[in-house]
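Hi everyone, thanks for coming.

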Amino acid sequence: MCMKKVKAVKRGTAAVPKQPFKSHFKRYWQLYLMMLIPIIHILVFKYVPMLGSVLAFRRYRPGMSPFGTEWVGFHYFKRFLTDSMFWRAFRNTLVLSFMNLIINFPIPIIFAIFLNEVKNARFKKLVQTVSYMPRFISTVVVIAILGELLSPSSGMVNNFLQNVFGIVPVYFMNEAKYFRWLYVFTDTWQFMGWTAIIYLAAITGINTELYEAAEMDGATRIQKVFHVTLPSILPTIMVMLILDVGRMLTLGFEKVLLMYTPANSGVSDIIDTLVYRTGLTNQNYSYATAIGLFSGLIGVILVTVSNTVSRKLTGDGIY
Amino acid sequence: MGKHKKIAKSNLIFDGLVNLVMILVLLVCLLPFIYMIAMSLSDPAAIMNNEVTFWPKRLNLSSYRQIFSYPNFFRAYGNTFFYTICGTAFSLLMMIMLGYPLSKDFLRGNNFFMKMVILTMFFSGGLIPNYLLISYLRLTGTRFALLIPFAINQFNLIILINFFKTIPVELEEAALIDGMSYWKLLWKIVVPLSKPAIATIGLYSAVFFWNDWFNSLIYLNSNQYPVMLYLRNIVNGTMMVGEAAGSADKSTIAISVKAAVIIVSTLPIICIYPFLQKYFVKGMTVGSVKG
């Protein structure tokens, strides 16, 4: 595979020894034509909204240009920086992101290591397949099932707690103190198996001689996990950690929106839901764009910094 | 000898622990579903009395019969199939037409276009500018609002490009010498050879369209709603389950009917993904490492 790739690249470059562009285009115009429509698609649906962010600095009038009508400078930024709702959403976003990272980063690693230790190949395959399933399920379904399980009147969890421990039914979905845990653990449920794919691939790539050598030295299987498996996949873990830190502010906005109730809004209102409410529900388009732009920029900074760190430490990054 | 015994014992305990954890994972993944299936197949009165756990009580199919008799559920289900099939087809078409030229390193300007794609992975316009653009284009309230804007996903595109790059050039060169156009070459030779990658990104696209509810909520009219939005509206009470539900036993009917909607709207995807597993596992590792 690798050889072929190298060959392909060589031939490709050999074919264009500083040809003038005109003859290059004449020869490959079909390829340029082929990507014309998709490129226009990207310009329209990705770049125009990017430019549309100028709305954060301009006043919007209904029915007029989506880029706004007149410049107002940092007016909307000043407004949200003094808005307590913004700071509440900002804090909620940070807390939820950190909780999510701390809990859901290590779990797939542990799962991958355990899965790799399963001896029976068919059982292993079964667990693997089943563990991918939740990733394919809509957030709507996840939250609907959660609502049924936790329902105070008919849910299994409350029935169990009442019958076994005599606890009065709790309306878990509506209480602020449970919101973050429910968010984090539904994420675990949905993505543990899926994220483990990358670690499993890394574990599969480990040289078996290392295990054989450890065995000769009289290592138990637990010792092999700690002294062979973990150190061998450490680079992968590092890259994944850095990338996860980079994108940690991108929370599952749709899930939060589905779980949002007036009663838990004190902890469940994150920046994305604030943008949604301000912009689409209350139609303060410019104000919402300003908030969105601000959090988008923080996201870009986080990704860029984490990627640079990843490059420096491991020589590997996403771009 | 004693040392060997110790190692063997430690390994045995470890083995037991590993298998125990795996069984636990299996149960945690499956039980919520089994619970929903049991609910959907049970007699509403049994649900009311909290008799149902993981096995249906007084088995009956009335909730399934009921949901398929609701015209709004039927329409929503049909809408979902429509968006999934058309959306995925259009999405694949666009990504193949973009991915193939971008996989050719010799093509001039390729670097620029590739950077143009990658930049959008780091910064996007955000919710409001996207919303205003789609209303400005007068797509709001039409099914195109869902089908067109989300066609190109950058991560999927990169998986596809990486796969195209592994196809041996000899095959293409032979066809080009025979006078085949690039367009024909793409569809007759490259696409059939790329089935694993196309199956992977096709699955991702299909899952995206099948599961969408938020974009449908903000862009579509209620008669265009897909089944996920229908379910969400039942769950949060913005919509009654169906006209047939009498006021007295509305809540009990709602539970078994809700469960039936959950099962019916989830089953198709769950039935498909295991067959594509070997492809997407490969796609995931290739795409994420090289992406």
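Okay, one term before we start: a salt bridge is a side-chain nitrogen of Lys or Arg within 4 Å of a carboxyl oxygen of Asp or Glu. We're looking at a predicted model, where local features need pLDDT of at least 70, side-chain atom pairs count only at pLDDT 80 or more, and totals for chains, interfaces and linings use all residues. Residues are numbered from 1 along each chain as its sequence is written, chains are lettered from A and ligands numbered from 1 in the order in which they are written, and side-chain values use heavy atoms, with hydrogens and water left out.

So, where's a salt bridge here? B:Asp15 and A:Arg221 make one through their side chains, at 2.8 Å from N to O. Between chain B and chain A the count is two.

Now, how many residues are in contact, meaning heavy atoms within 4.5 Å? It's 98 from chain B and 103 from chain A.

And the buried area? That's the accessible area (1.4 Å probe) that two parts lose on being put together, summed over both. For chain B and chain A, we get about 9,300 Å², with carbon and sulfur atoms giving 77%. On chain B, the trio of B:Phe14, B:Arg108 and B:Phe123 supplies 8% of what that chain buries against chain A, more than any other three residues.

Definitions and conventions. Contact = heavy atoms within 4.5 Å.
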